[in-house]
Amino acid sequence: MKRSLKVLVFILTGIPFMVQAGGLMTNTNQSASYIRMPVLDAIIGPEGGYYNPAGLSFLQDGFYISVSNQTIAQKRTIQSTFPGMNRNEFEGTVSAPLFPTAYLTYKQGPLAFSVGVNPIGGGGSALFEEGLPSFEQQVAVLPAGLTDATINTTHYSMDTRFDAQSLFWGIQGTASYAFNDMVSAAVGLRYVTAKNTYDGYLNDIMINPDLRGHPQLGALGAIFSGGMTSAPEFFRTLSDLLQVQVNTLSGVATSLQPFLNGMSNATLSDAYQGGFLNEAQVAQISGGILQLNPQLDPSGMTLQQIHGFYQGAAASFQEQQSEMEALKHMTANKEVSVTQTGTSLTPIIGVNLRLSDRINLALKYEHKTPLTVKNNTDTDGTGLYPEGAETAQNLPAMLSVGGQFGLTDRLTLQTGIHYYFDKSADYGKALPNKELIDKNFWEAGLGMEYQISPMFLVSAGYLRTQTGVNDLYHSDMSHSLSTNTIGAGFKVQLNEMIALNLGGLYSQYIQHTKAFASSDLPTYSETYDRSNIVFAVGVDLKF
């Protein structure tokens with residue numbers, strides 16, 4: 001075939017998807033309070049078990065419980081201009097109806113101890129019911145490729161689906177100590193357990209080759225006459241036919257081999273007159289040459305030239321047969337069912353500066369999590385997921401800095417910045433980070449709370465995230481987009497012991513278009529876009 005066809009496999013990646021705010025790998029939406037105001041880096045409250053562990057030392061003495069759940073829905077849209085595809089837009093949904101977090105804190109004197117459980121990465125299920133562009137493209141090139149090879153083909157069809165689930169649970173413990181009324185510090189450790197599940201298939205690939213009137217394959221026109229037929233079966237038929245041709249041509253070349261010693265310059269006429277070939281053999285050899293190349297004159301060719309011609313023709317047909325055999329396997333049904341699991345540890349440190357009753361500053365640093373996941377492969381029709389193979393999926397080191405400012409007795413301002421050290425983390429990509437990541441990922445947020453009454457508090461906030469990856473990182477399976485996020489909600493203090501947090505959050509991702517160009521494929525582009533909505537409810541208890 002004149003057009004090069006790429007190997008038809010799933011292009012699955014080991015990178016889990018994120019369902020909300022955070023860097024390339026990390027979730028920061030770890031409480032209902034965050035959803036109603038997405039900036040809590042200097043908070044002094046039970047949510048501080050995650051956001052500001054050092055600030056727990058400034059809580060009132062007692063035992064605190066903070067639990068919440070988020071319901072997350074994300075829409076992912078990928079548009080592709082790849083020519084010849086049946087569809088140019090692919091839509092996927094990420095669903096996480098349950099996204100729970102829980103923190104328990106005990107504070108006594110200058111000491112505070114906290115335990116937390118949260119989905120530190122992943123946390124949902126991504127479903128593309130019609131696959132992805134990278135699946136479709138590998139089939140979409142078949143009609144044009146076959147037509148270029150003189151086999152008129154105009155349509156294709158297939159059945160495809162991709163479903164991925166990812167969840168990184170974090171179980172953490174921290175200890176905080178207040179050195180005085182102003183300064184406190186915290187140390188902690190998070191145990192991370194990861195599980196990714198990939199299930200997908202690409203089945204029932206069909207094409208409509210029309211061999212009626214084809215100069216070499218016309219005899220198959222009654223079978224392949226322009227109707228939809230199984231692509232593997234079509235390529236199997238051509239492979240078998242070409243193998244017969246290879247055997248025939250090789251047989252002729254082999255039959256001429258004995259005459260090359262001493263008669264290499266003889267013609268077919270010389271061999272006939274000498275009694276070495278009969279009339280039927282001469283006619284068969286001459287007819288084969290004319291059928292394959294009508295411009296040649298067999299009568300003027302030497303036996304050495306004829307032998308070389310048949311050897312070359314056999315080699316050419318063998319190459320075509322090998323390509324048809326490869327296409328038969330490429331277009332066969334392919335399924336993948338893989339689970340990846342791994343565990344690791346994350347050291348955490350924090351500092352809190354309480355400058356006054358109205359000004360609080362906080363810093364937290366989470367070390368890199370050197371996580372590796374291991375394949376547990378049930379089915380792998382692609383050969384990409386060997387049983388027991390390991391892939392790096394680090395969680396990057398992260399620095400957060402925040403400030404809480406009481407502007408009035410009722411109005412409080414919250415600010416925060418998160419910086420993710422992506423360049424020094426191993427995400428299991430084929431290329432090194434220096435070729436994929438230009439700048440580290442960062443987030444910056446601003447929020448405000450207003451105390452309407454001792455019972456009711458309203459809040460709102462804005463968060464900007466800025467990715468630092470370049471086009472080499474982006475694909476339909478793994479891309480990182482900058483976002484603008486707003487969150488709002490309220491807190492109800494039911495009594496001295498019980499508080500209720502309710503919030504909603506919306507993230508609009510900034511779409512990105514990537515251009516693709518290669519020597520064997522047409523130039524095309526893909527545009528990635530997402531939107532995200534979250535609702536959360538949480539309860540804070542104090543004993």
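Helix α4 (residues 231-256) packs against helix α8 (residues 303-330) at about 160°, with the axes 8 Å apart. That angle makes α4 roughly antiparallel to α8, a label for angles over 145 degrees, where under 35 is roughly parallel, 65 to 115 roughly perpendicular and the rest oblique. Axes here are lines fitted to C-alpha atoms over the stretch in contact, with angles from 0 to 180 degrees between N-to-C directions.

This is a predicted model, with local features needing pLDDT of at least 70 and side-chain atom pairs 80 or more, while totals for chains, interfaces and linings use all residues. Residues are numbered from 1 along each chain, and side-chain values use heavy atoms, leaving out hydrogens and water.

Helix α8 has another partner to look at: α7 (residues 279-292).

| Pair | Angle | Axes |
|---|---|---|
| α4 and α8 | about 160° | 8 Å apart |
| α7 and α8 | roughly 50° | within 11 Å |

So α7 and α8 are oblique to each other. On the α7 side, Gln284, Ile285, Gly288, Ile289 and Leu292 meet Ile306, Phe309, Tyr310, Ala313 and Phe317 of α8, contact being heavy atoms within 4.5 Å. By residue type, this contact divides into eight nonpolar, two polar and no charged.

Now for a strand residue: is threonine 229 buried or exposed? Threonine 229 sits in strand β6 (residues 229-230) and, at 17% relative accessibility, counts as buried (under 20% relative accessible area; exposed is over 50%, partly exposed in between, with a 1.4 Å probe and protein chains only). Leaving aside residues up to four places away in sequence, threonine 229 touches Ile205, Met206, Ile207, Pro209, Phe224 and Phe234.

Note on methods. Helices (H or I, at least four residues) and strands (E, at least two) are DSSP runs, numbered from the N terminus. Ala, Val, Leu, Ile, Met, Phe, Trp, Tyr, Cys and Pro count as nonpolar, Asp, Glu, Lys and Arg as charged, and the others, Gly among them, as polar.
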